[in-house]
Amino acid sequence: MATPNNTSGENRIELLQGTLDMLVLRTLQWGPQHGHGVGQAIRQSSADLLLIERGSLYPALHRLEARGLIASEWKASDLNRRAKYYRLTAAGRKQLVAEQSKWKLLVRTIARVMRPA
Amino acid sequence: MRWDFWRRKRRETDLDDEIAHDLALDAEERIRSGATRQESEWASRRDFGNVPLLKEGIREMWGWSSLERLGRDLRYGWRSLRKSPLFATMAMLSLALGIGANASIFSVINAILLRPLPGVERGSEVVSLNENVGGNTLPLVSYPDYRDFRDRNSVLTGLAGIGFVPASVGQKGDSQRMWGFTVTGNYFELLGVKPLAGRLIQPEDDKVRGGHPVMVLSYTGWQKRFGGASNIIGAKVQVNGREFTVLGVTPKGFFGTELFFAPDVFFSMAMEKELEGGSNDLDRRSNRTFFAVGRLKPGIGMARAESALNGIGRQLAEEYPQDDGGMKIALSPPGLAGAFLRGPIIGFVAALFGISCMVLLVACTNLASMLLARAGDKRKETAIRLALGAGRGVLIRQLLIENLMVALLGGAAGALLALWITSALAAWHPPVDLPMIVSAPADIRVFLFALGVSTVTALLFGLLPALQATKTDLVPALKNDAATTRFRYWHLRDYMVAAQVCLSVLLLFCSVLVVKSLRRSLEAPIGFQSHGLATVSFDLNMQGYDEPRGREFQRRMLEKVRQLPGVGSAALVDNIPLTLSVPWNSIYIEGKPVPKRASEVPSAYAFTISPDYFHTMRTGLISGREFDARDKQGGRPVAIVNSAFAARLLDGSSPLGRRFSTGPTEKPMEIVGVVETGKYFNLTEQAHAAFWTPLEISYKSKACLVARTRAIPPASALPSIRRAVRDLDPYIALFAAGSVDDQLTWTFFAPRIAAIMLSAFGMLALVLSATGIYGVMAYAVSRRTREIGIRMAIGATQAQVLASVARNAATLIGTGLVLGLGMALAAGRFLERILYGVKPGDPLTFAVVFAIMLGIGAAATFLPARRATRIDPMQALRQE
């Protein structure tokens, strides 16, 4: 199977339930992006370890949009194609902050539990 | 809503574009890393996963508006119905018949009971006043009583009097009989009727007796007699040979205050004597021949008004004990001859409505069993959908919507059917010499009714099958296995068959019973032989004859007609029995004490006849003699009575030679003959007293000629009779000419129409239950194909297979029959009161219904059972 990256399946990380929304919000913090771009950005910033299924990504985008955390508009992309660009809303920014602190707490807590005795 | 729809469309294309954009970018990346274009496109599609599923998930996130969901379900339902047109047609047809029958009856109920009087302002305040003294049943009051009630009461804003008059309208020789109302001056004002043209009768037109030769035409009268001529206002018209002026025309929707009597013309009450020749006395307190309608004062209910009017009634009874003693007043909604027709009509219509509801119930169980069978057919589809994760609620909703579509289509067809029936009814003219209108226009209420019935039907009778359908055990259903599930003897469908049989038996039993009783009452002796009698009526007063000239005319006319070749015998009578206009009289027997109160005086139907009447009518003379040449003008007053008169009023003692009078101060008459008792007012009446007096002694200007024809049908004797009369007076207006059988059509009409409707409903129930049984049995056999195949493969004979199928059917039908007959027995008790000459537990009826139902059940089972015996074991085993 010809895949655009060389990461083998074994090294990939299963995404924790509920974290995809946070990752999407985080990615959009850098500026408006279309769906494909969001997926690529997450993959690149995770050094190809996180491969987001589009079957999850697009529902997540639409879910966030329905909740008012992100907004969308159609714009010409860099390659001069019409693409749907998503951007953070004020509510989304707030949500991101909240999720980030929740996430940090979770990581710290789990790390404490998992610390070698 | 529309906007919402467009927004969704937009979102759909957006989503498509977004996905396409992603796929394109992905494929480009793959191409850049060295794959061919085609490979890349395939790969990115493969990687993307299930696009429709993704879209479906995203769509859910947008949330469906209820309208879109409905649209989707409707499309689904439509597709699903189109896939099984037979089911859809059968279901809709049975519902259409059930709802059509129901909606037609409802439109009649609506027209005569629910709708206020057409064309009347605030009709709900209008009441009809019924004065009851002794035995009168019509809502009749006398004019003096009317005046007292009008002037003394404080509960009505007004009270108007109405008389019914026939009038001969037009030029001599070109006159036409029209029915009209004589109304008091306040009539139109009280009802709030505004003229369509000209003006209506006002209080000033009812001041001087005989001084107001004016008339108002109803819209139909104007159209019918005067062709809607625009110059009618102020026109001079001959009425009974006298010149009347047309004042105006009433609006199109106004038919007077009686639903079954649409007058062509309205006269002033002051002209009563001129119009009826003094036969209808305005000053006699005991002459109860007028109707009265009043309008309740605001805030006063009917009960309170009634008790107030009864107070006045008691005053009048004290003041005039001879005329008004024991008088009771009852108020009722107007339109149906006061309380007289209302009770029977409500009873009749309620019975019809009940029966049509039962027909609907049969249609509904039919629908439910079809739905159940269908649910069985769709078992696999349902299981697949459930397995793929469809919610049960969604499936139930879709099934209900599908049912609702069937029901609404069926209901629409039913409403059309009702519309057709009621318009046929409106176009039909009852065979009577009265301006009757039978109109039950379907209005919005009828459609709402049909809509409501359809919806309730679909939800009520569709829910159970839908619940059952979605309760599928997935694994066996998916394995396509129909026969391995444990064979259950009583399935929900089976209950439906039993219920259907039960209802049909009940319905059939009741209709057979009632039809039989109606036939009995039609065959019961009516006291004369109507077959072979020709008749023609005329009123000499309307032609301006005085009494001596009238007597002469009647005598010469009888002579001439008796000599006509086709006529065997002929006689004159003032009213033919059973033609709705039969007067009665109070009876005072000589030697018996005079009752103190008018209400205790017995009454008898009164007829005035010429000699040879009983011979012509073929009424049996029991004792004494007929009237003959001895009974001349100014001669000894004599009378002939019927056997019921002798039995009831003379306590069975020999009547010949006894004397009675029609008033305490009237001259007594001697009884010279006794004839058999017949029917005089309607066919279902109990034996009623009647007496006949000679026309020679008590002259009547209005008379009906009856002639028994010899060897020719009555209708062919009419032209020569007409000629004979015209020879005497070329201008005379003859009416109600025809055979007596035709005249009696009306009397026989109500029971006949009832019999026809009941038979129709019974047949409808039979057809419905036959299709129901057939459907369920056919379905059961198709479901058991494999089982039967196995049985036959291991050696079951055709007879055994037949027996196994038939046994099942027999159990269902038998149970339904037993339950139905039990219910029929109970229903018979309720019917007992209206049955005539038939016992509610009539064993023959039971046997007939049992046989019919058994026959239908057998026929409906036979075809599926035969199919079962023809199953080829090899094919059956391979098939599934």
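B:Leu508 touches B:Gly762, B:Ala765, B:Leu766, B:Val849, B:Ile852 and B:Met853, leaving aside residues up to four places away in sequence; two residues are in contact if their C-beta atoms, placed from the backbone, lie within 7 Å. The model is predicted, and local features need pLDDT of at least 70, side-chain atom pairs count only at pLDDT 80 or more, and totals for chains, interfaces and linings use all residues. Residues are numbered from 1 along each chain as its sequence is written, while chains are lettered from A and ligands numbered from 1 in the order in which they are written.

**B:Leu508 and its surroundings**

- B:Leu508 sits in helix α17 of chain B; helices (H or I, at least four residues) and strands (E, at least two) are DSSP runs, numbered from the N terminus.
- B:Leu508 counts as buried because it has 26 C-beta neighbours inside 10 Å.
- The cut-offs are these: a residue is buried if 20 or more other C-beta atoms lie within 10 Å of its own, exposed if 12 or fewer, and partly exposed in between, with C-beta atoms placed from the backbone.
- B:Leu508 and B:Phe850 are 342 residues apart along the chain, and their C-alpha atoms are separated by 9.7 Å.

**Chain B as a whole**

- Chain B has 27 helices and 22 strands.
- Of its 880 residues, 43% are buried.
- Among contacts in chain B with a separation of 6 or more, 82% are between residues 24 or more positions apart.

**Nonpolar cores**

- The largest nonpolar core has 92 residues, and B:Val359, B:Val505 and B:Leu507 touch the most other members; such a core is a set of buried Ala, Val, Leu, Ile, Met, Phe, Trp, Tyr and Cys residues joined through C-beta atoms within 7 Å.
- Helix α17 (residues 492–523) of chain B supplies the largest share of this core, 18 residues.
- Domain 2 (66–117 + 343–480) and domain 4 (505–523 + 748–880) of chain B both give residues to this core, so the core lies between them; the domain bounds come from an automatic or database domain assignment.
- B:Val505 touches B:Gly816, B:Leu817, B:Gly820, B:Leu821, B:Ala824, B:Val849 and B:Met853, not counting residues up to four places away in sequence.
- A second, separate core has 62 residues, including B:Ile576, B:Met617, B:Ala639 and B:Leu705.

**Helix α24 of chain B**

- In α24(B) (residues 785–793), B:Thr785, B:Ile788, B:Gly789 and B:Met792 are buried.
- These residues cover an arc of only 105° around the axis, so they are on the same side of α24(B); the arc is that of the directions from the helix axis to the C-beta atoms.
- An α-helix has 3.6 residues a turn, so residues three or four places apart point the same way.
- After α24(B) comes B:Gly795, which has a positive phi, near 110°.

**Strands of chain B**

- In strand β21 (residues 702–709) of chain B, seven of the eight residues are buried.
- β21(B) pairs with strand β11 (residues 533–539) of chain B in the antiparallel sense over seven bridges; two strands pair if DSSP finds at least two bridges between them.
- In this pairing, B:Thr535 stands opposite B:Val706 in β21(B).
- Strand β12 (residues 567–573) of chain B also pairs with β21(B) in the antiparallel sense, over six bridges, and B:Ser569 stands opposite B:Arg708 in β21(B).
- Strand β5 (residues 214–217) of chain B is covered on both faces: B:Val214 and B:Val216 are buried on one side, and B:Met215 and B:Leu217 are buried on the other.
- In a regular strand the side chains alternate between the two faces of the sheet.
- β5(B) runs parallel to strand β7 (residues 242–249) of chain B, joined by four bridges, and B:Val214 stands opposite B:Thr245 in β7(B).
- β5(B) pairs with strand β8 (residues 265–268) of chain B in the antiparallel sense over three bridges, and B:Val216 stands opposite B:Phe266 in β8(B).

- Chain A has an open sheet of three strands in the order β1-β3-β2, with antiparallel pairing.
- β1 (33–34) and β2 (70–76) of chain A stand at the edges with a single partner strand each, so one side of each has no neighbour in the sheet.
- 20 residues of chain B are in contact with 17 residues of chain A.
- α1(B) gives the most to the side of chain B that touches chain A, with nine residues.
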